[in-house]
Amino acid sequence: MDDGADDETFPHLLAPGRIGSMELRNRIVMSPMETMYGTPEGHPSDRTVAHFATRAAGGVGLVTGGATGIDPLHPETPGGLQIGEDAAVSAHRRLVEAIHDHGARIQPQIVHAGPDGLGPEMFGATSLGPSVIPSYLTGRPSAEVTKEQISAILDLYRAAVVRVREAGYDGLELHAAHGYMFLGSFLAPQRNRRGDRYRGSSVEGRIRVVLEALEAIRSEVGPDFPITLRISGYERVAAGRPIHDTATIAPLLVEAGVDAFHVSGGVIDRLVTGMVNAADDGDGLNVGGAAAVKEAVDVPVIAVGRLHDPLLAERVLADGRADFVALGRPLLADPDLPRKLAGWGGGAVRVRRCISCENCIDTLEEKLSTECAVNPLTGHELELSAVVPEAPAAAVSRRVVVVGAGPAGLEVARLASSLGHSVTVLERSATVGGSLVDASFVHRENRPYLDWIRHEVGLSDAEVRTGVRATPELVAGLAPDLVVVATGGREELPAIPGSDLPHVMPSLAADVVPAGRRVVVVGGRLAAVEYAETLAAGGRLVALLCTGEEIAPEFGLKRRTEHMDRLDRLGVTVHVSCVVEEITPAGVRYVPANGRSRELPADTVVLTGEMVADPSLAEALTDALPGVAVHVVGDAAHGLGLIRGATSDAARLVATL
Ligand SMILES: Cc1cc2nc3c(=O)[nH]c(=O)nc-3n(C[C@H](O)[C@H](O)[C@H](O)COP(=O)(O)O)c2cc1C
Ligand code: SF4
């Protein structure tokens with residue numbers, strides 16, 4: 001049987017589908033993702049509309065908006081959407097129309113924040129949970145909701161879904177997944193400690209409020225309005241719902257009016273560990289939960305979670321494990337993924353894959369807005385409209401010389417060339433990719449990005465010359481209108497006595513295998529951490545000595561915690577805030593935090609340092625090329641900026657050309 005999953009065609013993903021009365025052009029759903037781009041009142045902003053419209057233009061069948069509150073007094077996040085008041089309807093309608101203009105359908109993910117909202121912090125309103133339980137986000141305890149208050153919340157659902165219809169949405173997703181918010185907390189026995197008819201200890205008790213919410217919603221929207229229920233197939237938590245629970249309750253939920261199940265997994269915590277899964281959790285991890293529901297009911301089932309490889313997503317559908325797939329991060333990384341699978345713009349090989357760096361989650365906390373490391377346009381579609389994929393060519397074609405073929409230089413070359421500028425890239429080494437080459441060796445999810453950017457630049461009109469030193473004379477000879485220096489940062493190594501001993505490797509070279517079994521890595525930035533992990537995975541006994549207070553400080557808490565988990569699994573010993581006194585022939589003499597000087601044995605010591613800005617070439621070129629603008633991007637400009645700094649600098653610069 002030709003199931004279409006072995007070659008690069010995607011007949012199942014691209015087949016039209018249906019959820020209740022809603023016809024869909026394909027089987028790809030955009031998973032709900034909080035962006036925090038909304039207005040302060042929680043209405044969709046111009047930025048929200050541009051973000052979702054870009055995904056609709058990219059060919060997705062059904063857009064699900066991020067969690068959309070039904071009670072403005074209990075927002076989940078500042079800038080999160082709500083549809084809890086009539087004043088919100090016109091802004092939602094604008095969003096809906098923008099999506100329809102591109103032939104996609106759209107539904108909001110409606111939610112009452114229950115015990116997990118910011119009502120107490122933002123409005124002094126007490127949050128309400130099934131029991132007195134701490135908010136997963138703030139730790140502040142909720143009050144136990146009374147029967148009268150449950151009734152009032154059901155009224156909020158009723159009022160909200162009327163607005164959902166008025167705004168023109170094609171359906172709605174009711175959020176009951178991840179053991180949080182109002183419905184999810186009732187479903188979670190470890191949070192629902194009630195003893196009444198809503199008790200968490202029995203199946204009937206914990207789903208009662210979900211059934212009541214469905215009844216309330218159906219009473220307003222009638223039998224034909226499509227309702228998807230988002231639920232965790234398996235919650236993977238001690239004393240939580242058992243693995244068979246979702247399939248057991250699914251028929252009851254269909255009877256109550258569910259038109260489709262969107263089967264996620266896990267329960268929430270502050271770092272969304274179980275809901276937005278790390279690479280180490282494995283791909284397609286919720287597919288079993290989705291398939292179990294599909295085996296129990298006749299309505300469509302949507303699978304989600306690390307279906308980042310389109311071939312895997314196609315296989316899930318071809319195997320009959322689900323009817324639709326929902327993609328989250330893959331559509332932040334490449335909004336055009338669906339239409340590329342259908343052949344647009346060069347086809348599936350042009351899809352830019354998510355690298356599982358978790359920047360999109362970490363920026364929610366750090367910047368109160370989601371951003372994507374590999375796609376600098378995510379959330380900046382309006383301000384960077386000059387460099388979006390189908391942007392018109394620049395009015396004047398300029399001669400651009402890019403020095404350095406790392407991530408920043410290649411992204412400049414790719415974007416500038418797509419706008420019709422004439423680009424020459426000069427790279428000193430024999431290979432293209434710069435720091436991405438080592439980064440791909442120690443974090444394998446970076447590899448598809450390296451391959452992608454090499455391929456994209458290869459397809460472009462940019463000329464790449466490797467093995468070339470960009471002297472001022474050479475650059476001047478190319479008569480550029482503009483020079484972009486993207487040569488990377490300079491590593492400043494710590495001055496430690498004994499650094500010149502023969503068993504010291506004075507920098508990271510990801511592909512060099514150190515001698516001996518015991519390795520001490522001195523330094524704590526991400527590259528050192530990932531290198532330590534790679535060595536330990538290869539069987540070395542590794543210690544990480546970090547003089548700063550934190551390992552991988554350049555990353556946010558979610559990504560950093562994923563590394564802590566991995567270091568732990570691999571048995572790497574980690575010390576922070578220590579003083580490295582000396583490297584000896586037998587190891588490293590150091591003072592651990594709060595301790596006394598001692599020696600750690602090592603066959604090899606790997607020294608790593610700080611990555612600092614290196615504007616020296618830019619200065620030389622500025623002197624040698626009067627009248628020519630010289631720009632510096634990426635690590636050469638700011639020191640360590642990672643892929644996200646490189647792509648963002650590149651897009652912002654090219655947008656001004
Ligand atoms: C930035 C971001 C925001 C998210 N916000 C929500 C949300 O509002 N509601 C929800 O149910 N899931 C949310 N999720 C989870 C996704 O819908 C999805 O289940 C998860 O990312 C796994 O899918 P993926 O591996 O395709 O990214 C969010 C995920 C991300 C990355
Ligand atoms: S920020 Fe990183 S994890 Fe998030 S979508 Fe982009 S590449 Fe993927």
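Me: Into how many nonpolar, polar and charged residues does the shell around ligand 1 divide?

Reply: The structure is a predicted model. In this model, 24 residues surround ligand 1, and Ser31, Met33, Ala67, Gly328 and Arg329 are the closest. By class, the shell around ligand 1 divides into 12 nonpolar, 8 polar and 4 charged residues.

Me: Which element supplies the largest share of the shell around ligand 1?

Reply: Strand E4 (62-69), helix H10 (329-333) and helix H12 (359-367) each contribute at least two residues to the shell around ligand 1. The largest share is 3 residues, and the element that supplies this share is H12.

Me: Which element supplies the largest share of the shell around ligand 2?

Reply: Around ligand 2 there are 13 residues, and the closest are Arg329, Cys354, Asn359, Cys360 and Cys372. H10 and H12 each supply at least two residues of this shell. The largest share, 3 residues, comes from H10.

Me: How many nonpolar, polar and charged residues does the shell around ligand 2 have?

Reply: The shell around ligand 2 comprises 13 residues, Cys354 and Cys360 being among the closest. Its division by class is 9 nonpolar, 2 polar and 2 charged residues.

Me: How many Å apart do the end C-alpha atoms of residues 395-438 lie?

Reply: According to the unreviewed UniProt entry, the annotation "domain: FAD/NAD(P)-binding" covers residues 395-438 and 481-608. Residues 395-438 are 36% helix and 25% strand. The end C-alpha atoms of this span are separated by 38 Å.

Notes. Residues numbered from 1 in each chain as written. Chains lettered and ligands numbered in written order. Predicted model: local features only at pLDDT ≥ 70, side-chain atom pairs only at ≥ 80, totals over all residues. Near = placed C-beta within 6 Å. Helix = DSSP H or I, 4+ residues; strand = E, 2+ residues; numbered from the N terminus. Nonpolar A, V, L, I, M, F, W, Y, C, P; charged D, E, K, R; others polar. UniProt positions renumbered as here; feature names shortened; annotations may be inferred.
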